[in-house]
Amino acid sequence: MAYNLTHEYLNIVDRLTDDYHIPNNITDSLLGYLKFIYRSELEDRYSAPMLWIGMYIALASLVCILAMVAELLHGFRSRMLWFPSKYFTINSASLTVISVAMKLPVDLTGSMPGYVDQVAKLGSMAFMCTMMANLLPSLGTMESNELLSNIIALSVQVITLVVNVCIQIQTGAVSVSTHKEDPRIIQLTSPTHISTHPNSVLPFIYVTLLVFLLIVHICSSLAILKSIQILDSKYQKGQGIASKLIQPSPGRVVPVEMLQQYVRNHWVMVDSSSRLHFITACFHPTSASGVFKVERYWTHMLYDWKQASIRLPFHSRRLNIVIETFKRLIIYICIQLQKGVVVLCKIIALIPFVFVMCVSYCFRCLKAVFCSLREDAVNLEHRNIDISPIYILFLHFENGMGVGVRTMEGFSKSVNALIRKGIKGQPNYLIKLIREKSTVGFHGVAVFDQTDDDDCWILHVVTLTTIAVSLPEIQMVEVDCLLECVREGLLYVTLVEKNLNFINDLQQAAETLWREINTNKWLGNELQNPAFQKSTAGQIVKWFRDNAKHYSEEETWNEDAKHRRICGNSMYRITETILHTYNTIDDGTVSQKELFDSLSSMIADIIAACLTNLPQIIIMKCHYMSARKERHASVKDAVQLLGETTEIIRLLQDHDIPNMNPNDMPYLNKWRAYLRDL
């Protein structure tokens, strides 16, 4: 370790002693300053990592800023005039980043005597106040246990910050001293652009704001815990109302219009019951006209705690009475504090509320003057929106607090964006296959196989596709188109089987076989077999039958052999059915093109029959009962699924739907049994 300044100072003293023969007492005095130079240089040496630490803190602050900006842009893009709490929420990751960003005011050991250092500390405290204000909406997106743990973690972090800053204020580490320094010292030691200390009031203001924001977070959490229970209860009641509006019945597919209204109702319920913005939307600032009434949900949780009894291990009756009295006193103080915070927040909320009302009034006046025709058109559009089925689901939150019609319209319209997103991803190849190849009465479901052994939609679709794509006289464009149709169809067929049927070895074998077909093979055999070039359609079918029989009789009992037996059995039965159906297929009277079209029609009928269960899938996803986040995601999936399959459901409405029990429709065997009995 080199100490350049110390060595340079020693050299200067030595030259003075040798060249100018200064007295020893002066030399001793000069050497007395050596330890200060050494300590200063040593401190600079140990402070060298501060540059990298500062960059680390700046990077953490930048991450927080970008998250807040992304939240803001997402809110504007989604037309939500609140923080949607998608990118910047309270969790372990965000609290860790925030703790890094707050290192300057929290650190009690670092030496930061400069004015820039003091400003940095004050800036960090102001930044923490901003982040806490932006984090408040995220409380409403959490479950009860998650909310409790996160609010405790945030409280510990904020209290640590406040205590450390107060210690620095008391010890003078933060520039809050009221006495004036000697102007000569300031002139000699301070940069030319800084002549005074930072405002001494700022640290106290920031500490006060941090404590107030923490109290607001805690008070809001208590209200949210009860509000979640209220909204969950109303969600269950609203779901019962919505369920009565749609009931699957035999012989028909639920119309698209009914499904759209159904998912819209559930989206309104699940979105409003999952977000703090809906809860706070019910905290009307206009309640100031009622002398700032404090609603029950603000203090309901505290009253529950007050009435709850504590089981203590003490046998002394007097001690139990004292503890119970002390508990009630503390909770009473908390209740009064909660009410005071609510009233104060409502008073503060009046300021931006009045400002927004004035701006809104001026905007409406200008709009009425310059855009009267457009205003009439917009009003007509709003009048044509029927929100009555939705409005009855969440008409009131509690104690007569109404939810505005425009708010409910906003919830209703937000589902349209999800539906449009689904429409952009609709399976166009599959739609074309069903429109052009599927028969009205699902004839192919009954004729593709003579047995009812396998109750697996996917396996039969993949097996028929294997034969179709192996025909060499079919143009590759048609083969590729069929493969793309089947690929899109299997996505929804798999969805039906996983949700309404049951997963077994058949589905797993079919999925393995489909992956193999995408590599142009069937159970290890090349589908583009050179021998097929000179074969008739019947000979190709017989080749599959003979090889399938070999695999179905395989006696090996490992997992791969098991899958081969399943796929071989399916291929053997289907090829036997084809040979039985086309008695003259051996003599070449049935061309490969005719066989390809027949197989395509069977595939289309099987997929179409399976997809008649799509409305049940959509309804089931809307009925998903779990935690709020999972429930919200399930309904969102239902909305997007409806958007993707709207055209398919419309096409199926034109088919002759069997008059079957809706509970039997997910099962292929029951379809075939019903169609054969006709």
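Q: Between which two helices is the loop in which K86 lies?
A: This is a predicted model: local features need pLDDT of at least 70, side-chain atom pairs count only at pLDDT 80 or more, and totals for chains, interfaces and linings use all residues. Residues are numbered from 1 along each chain as its sequence is written, and side-chain values use heavy atoms, without hydrogens or water. Helices are DSSP runs (H or I, at least four residues) numbered from the N terminus. The loop that holds K86 lies between α4 (50-77) and α5 (92-101).

Q: Is K86 buried or exposed?
A: Buried means under 20% relative accessible area, exposed over 50%, and partly exposed in between (1.4 Å probe, protein chains only). K86 has 52% relative accessibility, so K86 counts as exposed.

Q: Which residues gather with K86 in a patch of positive charge on the surface?
A: A charge patch joins like charges within 9 Å, from residues with over 30% relative accessible area and no salt bridge. Lys and Arg count as positive, and the place of a charge is NZ of Lys or CZ of Arg. The patch brings K86 together with R77, K421 and K636.

Q: Why does S570 count as buried?
A: S570 has its place in helix α24 (residues 559-581). S570 counts as buried because its relative accessibility is 0%.

Q: Which side chain does a polar contact of 3.1 Å join to that of S570?
A: A polar contact is a pair of N or O atoms within 3.5 Å; within protein, one must be able to donate a hydrogen and the other to accept it, and residues adjacent in sequence count only if both atoms are side-chain atoms. At 3.1 Å, the partner of S570 is T463.

Q: How many salt bridges does the count come to?
A: Side chains of opposite charge can pair when their charged atoms come close. A salt bridge is a side-chain nitrogen of Lys or Arg within 4 Å of a carboxyl oxygen of Asp or Glu. By this rule the count is eleven.

Q: Which helix holds E576, the salt-bridge partner of R545?
A: R545 and E576 meet at 3.4 Å, N to O. This pair links distant parts of the chain, 31 residues apart, with R545 in helix α23 (residues 537-552) and E576 in helix α24.

Q: What is the area of the nonpolar surface patch made by F326, L329, I330, Y332 and I333?
A: Such a patch joins nonpolar side chains (Val, Leu, Ile, Met, Phe, Trp, Tyr) within 5 Å. One of its members, I330, is in helix α14 and is partly exposed at 36% relative accessibility. By the Shrake-Rupley method with a 1.4 Å probe, where only the protein chains shown count as cover for residues, the patch has an area of about 510 Å².
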